[in-house]
Amino acid sequence: MPFVRRAGVGGSITILAAALAAAATAAPPVSSEAAVRLLGEQIVAHGLRVDATTVGGLSGIDYSPRTDEYVLISDDRSIRDPARVYTARIPVGEHGVGPVTFTGTRTLRGPGGDTYPPDSIDPEELRVDPWTGDYLWSQEGDRGPHGLRDPSVRLARPDGSYLTDLPIPNNERMQPDSGPRGNGVLEGATFAGGGALVVTSVEAPLLQDGPEATAGAGALTRITVQARTGQLLAQYAYPLEPVFAPGPGANGVASILAADPLDPTKYLVLERAFVEGAGTRIRIYSADTGPATDVLDAPLTGAHPVTKQLLTDLSTLDLPAVDNIEGMTWGPRLPSGERTLVLVSDDNFADNQITQIVALAVR
């Protein structure tokens with residue numbers, strides 16, 4: 001079934017029912033008690049040039065079994081170079097992570113076929129469609145001095161050319177007094193339910209959902225589930241942890257990933273926190289939307305949020321440093337039966353940060 005084809009209510013319900021039925025026979029999802037160990041890391045050279053572009057700002061990563069390559073999206077707002085996607089070979093195995101070899105660049109293009117003008121787009125997450133090989137990517141829009149621009153969930157062909165936009169909930173549209181906070185919008189996206197569903201996450205609480213997380217209190221943001229054909233199906237409150245230290249800082253959802261390819265209720269959620277003077281803390285949670293209340297276009301008051309358990313805190317692993325990790329994807333399974341989880345950091349094109357590829361083994 002082509003991604004861009006719209007379905008009626010009955011068609012979408014059938015898709016969701018099929019996904020739920022498939023989940024009954026799916027492999028058990030990753031649990032919070034699973035052992036996680038560090039396999040290794042690679043640091044990409046700062047300012048590396050590939051196809052006349054600067055590698056940096058890597059905010060999303062996904063593995064493409066069709067090509068045996070990783071696909072990475074840059075959050076360059078077409079300021080340094082046109083908005084783009086990279087393909088790369090990243091050897092991940094029992095003995096660690098081999099050197100990263102970039103194999104190509106795909107320029108993202110708008111509906112008219114042109115590259116995106118400077119500062120007109122803010123790419124964040126990218127996933128490879130398991131049915132077609134196309135690229136699903138999210139962008140944050142803008143709430144700034146030049147006005148309001150809605151976020152979007154967009155589909156592109158593997159060459160970067162535009163296919164379509166998926167609908168977004170009304171509560172995720174930029175309004176003067178409601179909607180997403182600036183630079184805190186659609187950082188996470190994943191396919192679920194065997195590819196029948198698209199699931200996105202908002203980084204920070206919507207304006208109407210209360211304040212952001214602080215050192216003294218967590219906060220609530222939202223996870224949205226829709227059919228791959230576009231129909232919005234449900235939305236859930238996701239509880240963010242408090243910020244790990246006092247001081248100017250924030251905590252939000254930087255990435256979401258289906259824990260099992262068939263189960264439409266189990267996810268890994270990457271919370272990225274930063275405190276000025278204290279650094280970055282990356283925690284990955286195993287989350288379950290099953291017990292949560294559907295809050296699509298509804299206030300969060302009285303709603304049961306998503307349940308979650310800590311899978312790993314990168315500060316507990318033997319890494320020399322933990323930078324601005326924003327993307328994650330499942331990699332190859334190891335001979336031991338463990339799954340590999342591959343992470344990437346966004347260096348913000350800054351010479352005091354790093355582009356870090358980290359590989360974990362999850363049992």
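**View A. Val-199 and its surroundings.** Leaving aside neighbours within four places in sequence, Val-199 is in contact (heavy atoms within 4.5 Å) with Gly-188, Ala-189, Thr-190, Ala-192, Ile-223, Thr-224, Val-225, Ile-256 and Tyr-267. This is a predicted model, in which local features need pLDDT of at least 70, side-chain atom pairs count only at pLDDT 80 or more, and totals for chains, interfaces and linings use all residues. Residues are numbered from 1 along each chain as its sequence is written, and side-chain values use heavy atoms, with hydrogens and water left out.

**View B. The largest nonpolar core.** Let's step back to the core around Val-199. A nonpolar core is a set of buried Ala, Val, Leu, Ile, Met, Phe, Trp, Tyr and Cys residues joined through side-chain atoms within 4.5 Å; buried means under 20% relative accessible area, exposed over 50% and partly exposed in between (1.4 Å probe, protein chains only). The largest such core has 23 residues, and Val-199, Tyr-238 and Val-306 touch the most other members. At least two residues each come from β17 (197–202), β18 (219–227), β19 (232–240), β20 (249–258), β21 (266–275) and β22 (279–288). Strand β19 gives the largest share, four residues. Strands here (E, at least two residues) are DSSP runs, as are helices (H or I, at least four), numbered from the N terminus.

**View C. Strand β20 and its partner β21.** Eight of the 10 residues of β20 are buried, so this strand is largely enclosed by the rest of the structure. Strands β20 and β21 run antiparallel and are joined by nine bridges; two strands pair if DSSP finds at least two bridges between them. Look for Gly-252, which stands opposite Arg-272 in β21.

**View D. A four-stranded open sheet.** The strand order is β10-β11-β14-β15, with antiparallel pairing. Because β10 (123–128) and β15 stand at the edges with a single partner strand each, one side of each is left without a neighbour in the sheet. On average, neighbouring strands of this sheet are turned by 25° against each other, direction ignored; axes are lines fitted to C-alpha atoms, for helices over the stretch in contact, and angles run from 0 to 180 degrees between N-to-C directions.

**View E. Strand β14 inside the sheet.** Is β14 buried or exposed? Five of the five residues of β14 (residues 152–156) are buried, so the strand is largely enclosed by the rest of the structure. Both faces are covered, with Ser-152, Arg-154 and Ala-156 on one side and Val-153 and Leu-155 on the other. Five bridges pair β14 with β11 (residues 135–139) in the antiparallel sense, and Val-153 is the bridge partner of Ser-138. Four bridges pair β14 with β15 (residues 162–166), again antiparallel; here Ala-156 partners Tyr-162 and Arg-154 partners Asp-165. Five residues lie between the strands of this hairpin, where Gly-160 takes a positive phi near 95°.

**View F. Arg-77 and its contacts.** Arg-77 sits in the loop between β5 (69–74) and β6 (84–89). Its C-alpha atom is separated by 6.1 Å from that of Pro-118, 41 residues apart along the chain. The side chains of Arg-77 and Asp-122 are joined by a polar contact of 3.0 Å (a pair of N or O atoms within 3.5 Å; within protein, one must be able to donate a hydrogen and the other to accept it, and residues adjacent in sequence count only if both atoms are side-chain atoms). Beyond neighbours within four places in sequence, Arg-77 also has contacts that include Pro-117, Asp-142 and Asn-183.
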